[in-house]
Amino acid sequence: MKEEKQQLQQHLHLHHHHQRKVIAAKKLTRPAGYILLLLLSYALGYLSAPSSSSVQSPATGTASIPTAGAGAEESDLGHFRVARSCAASIPSTLVRQTILDRVFNGTSPFDSFPPPHVAHLLRPKRIRGWGSTGPVFENLIRRVKPRTIIEVGTFLGASAIHMAEVASRLGLKTQILCVDDFRGWPGFRDRFKDIAMINGDIMLLYQFMQNIIHVNASDSVLPVPFSTASTLDKLCELGVSGDLIEVDAGHDFNSAWSDINRAYRILRPGGVLFGHDYFTSADNKGVRRAVNLFARLNNLRVQLDGQHWVLDSP
């Protein structure tokens with residue numbers, strides 16, 4: 001009887017000892033399993049990632065942003081790359097008709113202008129701009145003798161009208177394309193209450209066109225009333241190039257950077273890209289930052305003419 005009791009105690013002792021081992025093994029197995037799963041995931045991720053030799057380089061013709069020694073501002077520009085390749089440039093004599101055919105279905109927007117529903121809302125002349133008659137315009141027109149001028153950011157057409165008058169006085173047959181969505185900006189009518197609005201449609205384009213007609217420049221000035229990015233891309237696709245391109249639309253860095261890059265693609269060799277507001281309260285946070293960075297990345301030299309910046313195409 002005593003022996004049986006000892007055997008029973010030994011059996012219970014061995015059973016409890018085995019259970020403690022199982023419990024200990026389970027405690028060890030859980031973190032070990034997590035670690036093993038983590039290591040396995042890392043290994044699979046590493047093996048599936050492309051090697052440096054298999055990563056495709058940017059397509060030929062895209063803006064290349066240097067990384068070695070580059071500051072934060074260069075490394076943030078990947079989202080703004082645009083293809084450089086455009087269609088072959090068409091002759092300047094075909095520019096106006098190409099825009100009429102591809103944008104206005106073969107008719108001039110000045111035909112039968114103004115439409116009856118806005119005629120009573122327009123002033124005979126409402127020309128307003130900022131720095132629109134500075135010496136830079138005549139300086140560059142005299143030097144470049146442009147057959148095609150592309151203005152990015154037009155508003156009421158003050159600088160376009162001035163350039164048309166300068167070109168005419170110099171005996172040049174110059175076509176000016178005015179790229180602008182003619183929508184103004186939020187709060188626009190707080191400053192320009194005399195520009196009417198109908199059902200949310202601001203009469204800015206119509207007043208611009210009325211200004212062009214008032215100075216008898218409708219044969220040399222043509223609006224392209226869409227966003228700057230989409231229009232510049234379309235001009236690139238159509239092979240429309242400019243001898244002289246003014247960029248004076250959005251003044252924040254992102255807008256200026258986008259417009260400058262897209263405008264430079266359609267600048268003819270030997271042409272000039274220029275713009276306003278190089279000296280503003282924003283300083284290196286807006287136009288000046290975009291211009292300086294673009295010049296540095298493309299080995300160009302920024303020249304100044306009053307409030308205007310100037311970049312010569314090689």
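In the predicted model, the buried residues of helix 9 pack against helix 3 (95-103), strand 1, strand 2, strand 5 (221-224) and helix 10. Helix 9 spans residues 228-238, and its buried positions are T228, T231, L232, L235, C236 and L238. An α-helix has 3.6 residues a turn, so residues three or four places apart point the same way. Helix 9 is followed by G239, whose phi is positive, near 80°.

The strands touched by helix 9 belong to a sheet, on which the helix packs through contacts with strand 1, strand 2 and strand 5. The direction of helix 9 makes about 155° with that of strand 1. This sheet is open and consists of seven strands in the order 5-2-1-6-7-9-8, with mixed pairing. Strand 5 and strand 8 (303-305) stand at its edges; each has a single partner strand, so one side of each lacks a neighbour in the sheet. On average, and with direction ignored, neighbouring strands are turned by 20° against each other.

Strands of a sheet pair through backbone hydrogen bonds, either parallel or antiparallel. Both senses are represented here. Strand 1 (residues 148-152) pairs with strand 2 in the parallel sense over five bridges, and within this pairing E151 has C178 of strand 2 as its bridge partner. Strand 8 and strand 9 (residues 308-312), by contrast, are joined in the antiparallel sense over three bridges. In that pair, D305 stands opposite H308 of strand 9.

Strand 2 (residues 175-179) is mostly covered, with five of its five residues buried. In a regular strand the side chains alternate between the two faces of the sheet. For strand 2, both faces are covered: Q175, L177 and V179 are buried on one side, and I176 and C178 are buried on the other.

Helix 10 (residues 253-265), one of the elements against which the buried residues of helix 9 pack, also packs with helix 11 (residues 287-297). The axes of helix 10 and helix 11 are 8 Å apart and form an angle of about 40°. The two helices are therefore oblique to each other, and their crossing is right-handed. Helix 10 contributes F253, A256, W257, I260, N261 and Y264 to the contact, while helix 11 contributes V287, R289, A290, V291, L293, F294 and L297. By class, the residues of this contact comprise eleven nonpolar, one polar and one charged.

Terms used
Residues are numbered from 1 along each chain as its sequence is written. This is a predicted model: local features need pLDDT of at least 70, side-chain atom pairs count only at pLDDT 80 or more; totals for chains, interfaces and linings use all residues. Side-chain values use heavy atoms; hydrogens and water are left out. Axes are lines fitted to C-alpha atoms, for helices over the stretch in contact, and angles run from 0 to 180 degrees between N-to-C directions. Helices (H or I, at least four residues) and strands (E, at least two) are DSSP runs, numbered from the N terminus. Angles under 35 degrees count as roughly parallel, over 145 as roughly antiparallel, 65 to 115 as roughly perpendicular and the rest as oblique. A crossing is left-handed if the near helix is turned anticlockwise from the far one by less than a right angle, and right-handed if clockwise. Contact means heavy atoms within 4.5 Å. Ala, Val, Leu, Ile, Met, Phe, Trp, Tyr, Cys and Pro count as nonpolar, Asp, Glu, Lys and Arg as charged, and the others, Gly among them, as polar. Buried means under 20% relative accessible area, exposed over 50%, partly exposed in between (1.4 Å probe, protein chains only). Two strands pair if DSSP finds at least two bridges between them.
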